[in-house]
Amino acid sequence: MTATAARTEHPAPQRHRHIPGEAGLWVFLLGDMIMFSVFFGFIAVLHGRHPRMFRASQQALHPDLGLLNTLLLLIASALVARGLRQLRSGRPARTLPWALLCALGFAAIKGVEYALVIHDGHTPSSNDFFMYYFVFTGIHLAHLAIGIGALTFLIVLSRRPALSRGHLLAAEGAAAYWHMVDLLWLVLFPLFYLVA
């Protein structure tokens, strides 16, 4: 028997691929991202109609804090991805508490930035830019709070000696939600802080 015939008789095993989490969760995540896309459209229209007001208002923000928060979310997402791989392989997910710490750091830094902006006299009633800034970053912060709950759930789940298929699906769903929180900020940050 030739090597070619042997290869056709015994194909290499393929890894089973699936969409992480439950299908219903992806419907929710897609709906949430569509809602945020409408928000992003509002911000783009505002920028197009009032470029001077937009640029002047941007000067009151703290892009260094926004960048630090971006880095925290990117690190947290990498840690969540690694933690999920560890859970799937039956190992302890030691990176998840660090991801939670990054998420809490984001919330604390955003609170500091809100305080600084308000202290400088800018509130949601100052102009349309600040109204959108506080509303949309506030909605994102609410999503982050849910994400913190999802990360806490992952940490609790990771302490179980063995995970069922249902537990793994729940863990994948929590991780997918967290990645959505990260993705939304990766659009909000340049829209508010960088687009001139």
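**A chat about charges, rings and helices**

Modeller: Let us begin with Glu172, which counts as buried because its relative accessibility is 4%, under the 20% cut-off. Please keep in mind that this is a predicted model.

Biologist: Which residue forms a salt bridge with Glu172?

Modeller: The partner of Glu172 is Arg88, and the closest N and O atoms of the two are 3.0 Å apart.

Biologist: Is Arg88 buried or partly exposed?

Modeller: Arg88 counts as partly exposed, because its relative accessibility is 42%.

Biologist: How many salt bridges are there in the whole structure?

Modeller: A search of the whole structure finds two. Besides the pair of Glu172 and Arg88, there is a salt bridge between the side chains of Glu113 and Lys110, at 2.9 Å from N to O.

Biologist: Where do Glu113 and Lys110 lie?

Modeller: Both lie in helix H5, which covers residues 96-119, and they are three residues apart, about one turn of the helix. Glu113 counts as buried because its relative accessibility is 0%, and Lys110 counts as buried because its value is 1%.

Biologist: Which other residues of H5 are buried?

Modeller: Among them are Leu96, Ala99, Leu100, Cys102, Ala103, Phe106 and Ile109. The buried residues of H5 pack against H4, H6 and H7.

Biologist: What span should H5 have, and what does the model show?

Modeller: At 1.5 Å a residue, the 24 residues of H5 should span 34 Å; the end C-alpha atoms are 35 Å apart, which agrees. Just after H5, Gly121 takes a positive phi of about 95°.

Biologist: What about H4, then?

Modeller: Helix H4 runs over residues 63-88, 26 residues in total, and reaches 37 Å from its first C-alpha to its last. That is close to the 38 Å expected at 1.5 Å a residue. Just after H4, Gly90 has a positive phi of about 80°.

Biologist: New topic: how many aromatic pairs does the structure hold?

Modeller: The structure holds 14 aromatic pairs. In one of them, the rings of Tyr133 and Tyr193 have their centres 6.5 Å apart and their planes at 75°, so the pair is edge-to-face.

Biologist: Which helices does that pair link?

Modeller: Tyr133 is in helix H6, residues 128-158, and Tyr193 is in helix H7; the pair links distant parts of the chain, 60 residues apart. Tyr133 is buried because its relative accessible area is 0%, and Tyr193 is buried because its relative accessible area is 8%.

Biologist: Which residues do ring pairs link into a cluster?

Modeller: The cluster includes Tyr133 and Tyr193, together with Phe54, Phe106, Tyr114, Phe129, Phe130, Phe134, Trp185, Phe189 and Phe192. Of these residues, Phe106 and Tyr114 are buried residues of H5.

Biologist: And the loop between H5 and H6: where does Pro124 come in?

Modeller: Pro124 lies in that loop and counts as partly exposed, because its relative accessibility is 41%. Not counting residues up to four places away in sequence, Pro124 touches Phe130, Met131 and Phe134. Pro124 and Val135 are 11 residues apart in sequence and 7.8 Å apart in space, C-alpha to C-alpha.

Biologist: Let us end with the whole chain. How many helices and strands are there?

Modeller: The protein chain has seven helices and zero strands. Of its 196 residues, 40% count as buried. Among contacts between residues at least 6 apart in sequence, 78% join residues at least 24 apart.

Biologist: What does the accessible surface come to?

Modeller: The accessible surface of the protein chain comes to about 11000 Å², and 67% of this belongs to carbon and sulfur atoms.

Technical notes. Residues numbered from 1 in each chain as written. Predicted model: local features only at pLDDT ≥ 70, side-chain atom pairs only at ≥ 80, totals over all residues. Heavy atoms only, no water. Helix = DSSP H or I, 4+ residues; strand = E, 2+ residues; numbered from the N terminus. Expected span 1.5 Å × (residues − 1). Phe/Tyr/Trp six-rings, centres within 6.5 Å; stacked < 30°, edge-to-face > 60°. Buried < 20%, exposed > 50% of the residue type's maximum accessible area, 1.4 Å probe, protein only. Contact = heavy atoms within 4.5 Å. Areas by Shrake-Rupley, 256 points an atom, 1.4 Å probe, with all protein chains shown as cover. Salt bridge = Lys/Arg side-chain N within 4 Å of Asp/Glu carboxyl O.
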